[in-house]
Every structure is written in C-alpha cells, then in structure tokens.
Amino acid sequence: MKNLKKQDRKIYNAIQGELKRQQEGMELIASENYVSEAVLEALGSIFTNKYSEGYPGRRYYGGQEYTDVIESLAISRAKKLFRADHINVQPHSGAPANMIVYSALLEPGDKVLGMDLSHGGHLTHGHPVTLPAKIYKFIRYKTGRDGKIDYKELEKVAKKIKPKIILAGFSSYTRQLDYKKFSSIAKKVGAISMIDIAHIAGLIAGRAISNPVPYFDIVTTTTHKTLRGPRGGMIMCRKKFAKAIDKSVFPGFQGGPHMNNIAAKAVMLEEALEPSFKKYARQIIKNAKVLEKELRKYGFKIMFGKTENHMVLVDVFSSKEVAGKEAEVALDKVGITVNKNVIPDDPRSPMDPSGLRIGVPAVTTRGMKEKEIKKIAEWINDAIENRKNNKKLNQIHKEVIKLCKKFPIYKNLK
Ligand SMILES: *Cc1c(COP(=O)(O)O)cnc(C)c1O
C-alpha cells in the first residue's frame, strides 16, 4: 500500500493496526472469517469505478464487456455450487437481501413466521427496531427443551395465522434444520418457504451439511461468513420468483451493483468449488464439536443440547456466575474475540445477556485443528475464571499471540 502510505498516513496506520490485530488475535466471532489474498485483490480492483445498473446483457450504461463476464461467472459458479435455479449476486449484504425478498413478495401488513430472536433468529427476521418489522407482521416460533425447533408448534401456529412466508434460518443456533418439515408445513398452509443461510452457507457449499436449496422457494445468504468471501449478499430462488426478485434488487431497492465486490464474490465461489473447501468445511464442524466437548468438561452449559455446525452457544451466567458482557471483556484482554449473546428466553437484558457465542470458522481458516481448539477452550475457561487477575490474563495473552503466530495469515500484506 505504498500510495496510501504516502498520501494518507492516518488511514494507512489504522489499516496496519487492524492487520496486526487480525494476525495476532484469536478470532472466535462466529460470523467472521479471513478472505484469501486473491479475493482481496479482486475487491480492491478498478471495477469499483464502473456503473453497471441492470443485469448481464441488459445494462443501462455502455462499456459492459467485462462487467458482464464477471457477473455471469459469479452467477454460473454460484448456481453450480448451490444447485440453484436462479441466483442474484447483486445484494450489497445480508440484511438488504432479506429486505429485498420481503418487498418482492409481501404487501405491507402481511405475516412472516420466523425464528424467535432469543432462540437464534436474526435481527432482520423481525426485530422491532428494524424497518421490516415496521412494515410487515412477524410472528415467532421457538425451540423446544431438546434444543430442536418445535415443529408441531410451528405447524399449529402456521395453520392458525396463515403467514405469507415461513422463514427458516438463524445467526445463533447450533442444530441442523429439518428442511423437509419446513417445506411441507409451508405447502400445507400455502406459504412461501424461505431460508436465510447467512451463517451456514460455507458448510453447505462444502457439503458438510445438506443443501436446503432444493427444499425452499427462496434462499438468502451473506457471502462473508463461513463462505469466506467479501462482505455481500446473494438471493437464490425457484424460477417462478426470479423476475420478482431481480426487479426488487434493481430497480426496486438498489442502484448500481458493486462490481468490484461481485468480482470478489466470483473468486470466492471458485475457491468454494475446490475440493480443499470440502475439507475446510468438514474441519470446521470437527473443531466446533471439540470446542463443545472441552467447554462442557470445564463446566460450561451448552445451549440447544449440542452443536451440529460451526458455533457453540454457552450460558456463562448460569455456569460461571459471570455475565456475558464481563466474560466478553475478560476474553478480549487475552486476545480472544467472541460476542456476548442472548440465550433462549434470556432472563437478562439484551445489552448484558447470559450467553457467549463462540465460532470456529476463522481459526479453522488459519489451519487450527483439534489440538489447538483444546488449548483455546482451556484459555477461555482460564480467562473467565481469572478475570480479576491481570497477571494471569497477561500470561494467557502472550500464549494466545504465540499460537496465532504459529498459524500466520496475510504474510505478504504490507
Ligand atoms: C449476518 C446475518 C444477516 C445480515 O447480514 P449483513 O451482511 O450483516 O447485513 C442476515 N441474516 C442472518 C441469519 C445473519 O446471520
């Protein structure tokens, strides 16, 4: 970054600081990952200069011979990866992708049956502070005692309220979903079935968990979580919804697509088609299971019974008598980054909930395996139990940095 260094020292320094933070920190936020240097190059390319409103072959501006190549490749690679009938790669991110779907298929006041937010659902699935919740009516289903979704209750509610959309998907839930049940309940009540795979898209792409695309009318995702691409969104759907979705993306909701971002998505999609990505996805799940087992050994209460994906949700408050926020701060001090999280029907406030969400996609990208995960679990326990002992925290922090340096990232970036 020699130009930036010369021209704008303040921004350059912040980027260097962030690079060091990423290199030396143990990243356990379940929604984060490290993109490849090839993805970074595409993202930083001159495609950022180009306006290309419309779709390949049908644009509003001239000079599209290369943007069409990029977007067509992104679409064909994504179709191959997810076996989707139709795909739109233009959504700027996950939240707008969901809003785009709602506005394509719903009238104001229409009902959506989605996962309760404290049971794992996402803000964009109906949190009162969001725009969708002001326009549409969201009703929630929950998980049962066994940690699985209570499908009987879901069907009962669906029959009673007759939602226009039944929405599956989550950002802090650890079990596999029963795609067939969702789709059969939606059929029974005449609802559109939709799934938001933002968190698990990489596990699906790597065939580590089964593909929901054949079972749902609409599938939304982010591209930057387990999928390990640039920040962005995508919408897949059955042929009969293709026109409505495309029109809702543009001109309904967005203007010009971010073509540099779509180029980076295309690079990521090719990476995800490689056999090595399958290994990556399988290793994520192995690592998460080891993390669960080890944390259980240290006395942490595991929510939803167990994990079947890339993250673990623990109730730190009932296991360690420490609030989520305080545990998060203690882990920050040793260079381990996680986020406090609500647990189902959390008795504490959302600003200081009972839980911690811990995910392994980023450390797995660094190459960490079972042995390192065991060590991480030990540090998590030690840091929380010794949260008032700064000397001990400093000592753990040194060990964390040492392990991160053994699994380097971005060696060639300057
Ligand atoms: C992360 C996430 C989103 C939002 O994605 P952004 O890119 O942050 O807008 C939407 N849905 C789910 C389930 C998510 O986990």
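Student: How far does a polar side-chain atom of His224 lie from an oxygen atom of the ligand?

Tutor: This is a predicted model, in which local features need pLDDT of at least 70, side-chain atom pairs count only at pLDDT 80 or more, and totals for chains, interfaces and linings use all residues. Residues are numbered from 1 along each chain as its sequence is written, and side-chain values use heavy atoms, with hydrogens and water left out. Between the polar side-chain atom of His224 and the ligand oxygen, the distance is 3.5 Å.

Student: Which helix gives the most residues to the shell around the ligand?

Tutor: In total, 14 residues surround the ligand, each with a heavy atom within 4 Å of it. Helices are DSSP runs (H or I, at least four residues), numbered from the N terminus. With three residues, the largest contribution to the shell comes from the helix spanning residues 94-105, helix H5.

Student: How far apart are the C-alpha centres of domain 1 and domain 2?

Tutor: The domain bounds come from an automatic or database domain assignment. Domain 1 comprises 2-30 + 281-406, and domain 2 comprises 40-272. Their C-alpha centres are separated by 27 Å.

Terms used. Polar contact = N/O pair within 3.5 Å; in protein donor to acceptor, adjacent residues only side chain to side chain. Helix = DSSP H or I, 4+ residues; strand = E, 2+ residues; numbered from the N terminus.
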